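Please read the following report alongside the sequence and the coordinates.

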Amino acid sequence: MKTVVILRGISGSGKSTYTAKNHPTAFVASADNFFMQDGVYNFNPAKLGAAHARCAAAFEYALKHGDDEVVVDNTNTKLWEFKGYLDIAAKYGYDVKVVRLVVDPKIAAARNTHGVPAAKVQQMQDRFQDFEGETVVDTTSAA
């Protein structure tokens with residue numbers, strides 16, 4: 001069965017590590033890809049909307065072309081942030097699994113690779129909304 005995995009987690013929660021370990025052959029749709037330039041992450045908040053639009057377009061392209069497994073690797077702290085992915089997955093007949101990676105925000109801030117300040121990581125944690133049926137994975141000890 002064709003599967004979509006929607007990851008949810010604050011910066012530094014281990015979304016990319018989780019994907020590499022558990023879904024190594026999956027197509028990965030991530031807004032972070034938009035900000036990668038010559039192997040360097042160059043975040044620009046003014047371009048966040050464009051980054052998410054490109055991520056959603058890449059996601060739908062992968063489903064439209066029948067990729068067996070597609071992972072959405074974004075923070076997805078609010079339900080509206082990933083509802084569109086749920087709708088697109090349903091449109092193409094994919095099974096969906098929502099996985100929430102949890103870790104103490106202080107640990108996440110110390111290990112995130114994009115230099116997100118601790119206060120911003122805590123803000124992400126504070127705005128998290130629960131999603132019924134999501135699988136919760138504790139990534140405190142993840143590398």
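## The end of helix H2

Helix H2 is followed by Gly 66, a residue whose phi is positive, near 80°. The model discussed here is a predicted one, and the values below should be read with that in mind.

Helix H2 runs over residues 48-64, and its 17 residues reach 24 Å from the first C-alpha to the last, which is close to the 24 Å expected at 1.5 Å a residue. Its buried residues are Ala 51, Cys 55, Phe 59, Ala 62 and Leu 63. They cover an arc of only 105° around the axis, and this places them on the same side of H2.

The opposite picture holds on the face of H2 turned away from its buried side, where the exposed residues Gly 49, Arg 54, Tyr 61 and Lys 64 are found. As for what covers the buried residues of H2, the cover includes the strands S1 (3-8), S2 (27-29) and S5 (69-73), together with helix H3 (79-91).

## Aromatic pairs

How many aromatic pairs does the count come to? With ring centres required to lie within 6.5 Å, the count comes to two aromatic pairs. In one of them, the rings of Phe 59 and Tyr 85 have their centres 4.9 Å apart and their planes at 85°, so the pair is edge-to-face, the angle being over 60 degrees. Because Phe 59 lies in helix H2 and Tyr 85 in helix H3, this pair ties together parts that are 26 residues apart in sequence. Phe 59 counts as buried at 0% relative accessibility, and Tyr 85 is buried as well, with a relative accessible area of 6%.

The rings of Phe 82 and Phe 131 have their centres 5.2 Å apart, and with their planes at 80° they too form an edge-to-face pair. Phe 82 lies in helix H3, whereas Phe 131 lies in the loop between helix H5 (118-126) and strand S7 (135-138), so the pair ties together parts that are 49 residues apart in sequence.

## The chain as a whole

The chain has five helices and seven strands, and, read along the sequence, these follow the pattern β-α-β-β-β-α-β-α-β-α-α-β. The radius of gyration of the chain is 14 Å, close to the 15 Å that the globule rule gives for 143 residues, so the chain is as compact as a globular protein of that length. Along its principal axes, the C-alpha trace spans about 40 × 35 × 25 Å.

Of the 143 residues in the chain, 36% are buried. Among the contacts in the chain with a separation of 6 or more, 80% are accounted for by residues 24 or more positions apart. The accessible surface of the chain comes to about 7900 Å², and 54% of that surface belongs to carbon and sulfur atoms.

## An exposed loop residue

Gly 39 has its place in the loop between strand S3 (36-37) and strand S4 (40-41), and at 62% relative accessibility Gly 39 counts as exposed.

How values were computed:
Residues are numbered from 1 along each chain as its sequence is written. This is a predicted model: local features need pLDDT of at least 70, side-chain atom pairs count only at pLDDT 80 or more; totals for chains, interfaces and linings use all residues. Side-chain values use heavy atoms; hydrogens and water are left out. Helices (H or I, at least four residues) and strands (E, at least two) are DSSP runs, numbered from the N terminus. The expected span of a helix is 1.5 Å times one less than its number of residues. Buried means under 20% relative accessible area, exposed over 50%, partly exposed in between (1.4 Å probe, protein chains only). The arc is that of the directions from the helix axis to the C-beta atoms. Contact means heavy atoms within 4.5 Å. Rings of Phe, Tyr and Trp (its six-membered ring) pair if their centres lie within 6.5 Å; planes under 30 degrees apart count as stacked, over 60 as edge-to-face and the rest as tilted. The radius of gyration is taken over C-alpha atoms; the globule rule is 2.2 Å times the number of residues to the power 0.38. Accessible areas come from the Shrake-Rupley method with a 1.4 Å probe; for residues, only the protein chains shown count as cover.
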